[in-house]
Amino acid sequence: MRVMAEPLLDRALRASRRLRVNGESRAHYVICGQDPLAYWVVRTMLAGETQAGRVRITLIVPERRRSPGPDGRDLPGIEVIRADRLDEATFRRAGLVDAAGLALLHQDDVGNMHAALCAQEVEPRLRLVVRMFNTGLANGVRQIFPDSAVLSDASMAAPAFVAAALGEVAPTHFRHGGRTLYVARRDDVRPSEIVCGVADTGDAQQDLVLPADDRDADVVLAEAVGRPAGTELAARRLVRARRRRRPVAVLLRAVRSFATRKIGIAVLLLLAMVAALGGLYANAAHVGWGDALYLTLVTTLTGQDPDTAKSAAEQVMQVVLNLAGLALIPLITAVVVDGVVNARLALHTGRILPERSGHVVVVGLGNIGTRVMAQLNDFGVEVVAIDKSADARGAGLARRLGVPLVVGDAAQEETLRAASVATCQALVVVSTDDGANLRAALNARALDDQLRVVLRLFDGDFAERVQRAFGIGTSRSVSYLAAPSFAAALLDRAVIATIPVGRHALLVTEVPVAAGSDLDGRPLATVGRAGSVRLLAHARAGQRLDWSPDPRMVIVAGDRLTVVARRAGLNALLREVAPPEPTPPSGAPVPREATE
């Protein structure tokens, strides 16, 4: 009983940690990060504040920016501490002793583990949220820190990139209330299995999420009843691409890459001179073309005994051809040596690859690119990877899976041609540099203007402008997709699932109704809002979920509402189910926020 009571005691202690600021009670959370994920987690937490549940956030960032994107240090309303080392001294300076939770969001699994151990020395009873890529290390963190959540933003976002590349619905599936639910196209499921409509994707320019009329939605949330769900359904619908080798094209590409351009030009010029001199020699000797070819080759490559009886013109041609032969033999040797070296380098870097068709090219083998490559390979889709470094994070996995890796700059046409981008079915560009991603996408579109491009971009406004200007309509932000789950874990709330639709992220979560809240005493019909919130199920305290509740039923305190919502809609709903703000004592100062 004592062991079972420990987590409950920890949560009670965290709930009691409050700081009085301007007459209100605010929970304190510490977030450590240096990239867009930290930015979006902070924004999500600030956007989800309620009057009775406001938060105070301390963000720990390095002294200098280490990535081109925002990392949250410029957001208003938070305290920023600059420190290059996450140790006990830094955590004490950030006030971790009074904190209700700590989020470690660096892209360094071992560094996050070390920071977690330091934080435990400062505050043993702490809600801990850790970003991890290595699943084996993640299991170790959970064992060391029982009250922790270990999440991978790459694992969360990879299915969305895979689905976009294959023109499929993101293979999202989850289990809740005894049901297994998954996202599918309406045409792929029976009407009796549909739980609710998710989005209308008929407009190529804009996806309409959570439409007022479920019948308008072509993407739905359905229940898996005796059939493959989620990933399995998407995998079944995939057309597996097969390699199409073109021997002639491969031979030409191998010859083209056999020697450097300068040596090739020198050889060609010298051969042209030998041919011209051979023609003149044949004309001076008055012989046929067959004899002229023989005399030219012998004179050039081996020399010829001098003959004073020959005419002056023949003697001059013979001397010049001998001199040309002296230059030609070293050049041939240089071509052979250079060709062998280039061939080995080309095979090592993947520049000499067979022509392919119908495959998917993945640019960038970082965290997200590695996950995308692995999932596509699991689906049976042929993949070619591109990365600037032969030692990229996913290079080892690519070798084990037999995925060809082209080492080079994806913004260069030569690199894209080496990966057969002109004949692939999709290009997934997922490096961490927005500018480099866009350049690679535009160069690929120059090779095939109908190519499906899935682009990783951080800035939403930039993505919309790219879509309008260049017709690249599929863009994803890993941090944007993953941030709600990290924020919910830090706040000790459960996000059941995240459903990516276009550039939108819909959240499935269960929300408890507090006594005296705005929804207490109102009918269930008031929960849903078109384009914002959709009610999936309702449950009374201690009872099972009702998946088809009567919209006239009155909500009472303790009810649990399972909803699918956009961020803004969920934040509004959380304010409506929160307990009323406590009335300040008579004569107490009124917080400034309450007067605005």
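The model is a predicted one, in which local features need pLDDT of at least 70 and side-chain atom pairs count only at pLDDT 80 or more, while totals for chains, interfaces and linings use all residues. Residues are numbered from 1 along each chain as its sequence is written, and side-chain values use heavy atoms, with hydrogens and water left out.

Strand β17 (residues 452-456) has four of its five residues buried, so the rest of the structure largely encloses it; buried means under 20% relative accessible area with a 1.4 Å probe and protein chains only, and strands (E, at least two residues) and helices (H or I, at least four) are DSSP runs numbered from the N terminus. Strand β16 (residues 426-429) pairs with β17 in the parallel sense over four bridges, where pairing requires at least two DSSP bridges, and Ala-426 stands opposite Arg-452. From β16 the chain passes through helix α15 (residues 434-447) to β17 in a right-handed β-α-β crossover, that is, clockwise from the first strand over the helix to the second with the strands pointing away from the viewer.Helix α15 also gives the most to the lining of the second largest pocket, with five residues. That pocket has a volume of about 890 Å³, the space filled by probe spheres set on grid points joined across faces, edges and corners. On a 1 Å grid over the protein atoms alone, a pocket is an open set with protein on both sides within 12 Å along at least five of seven lines, a cavity is a set of points where a 1.4 Å probe fits but cannot get out, and lining residues have an atom within 4 Å of a point. Of the 47 lining residues, Val-430, Ser-431, Thr-432, Asp-433 and Arg-456 are the closest to the pocket's centre.

How values were computed: Buried < 20%, exposed > 50% of the residue type's maximum accessible area, 1.4 Å probe, protein only.
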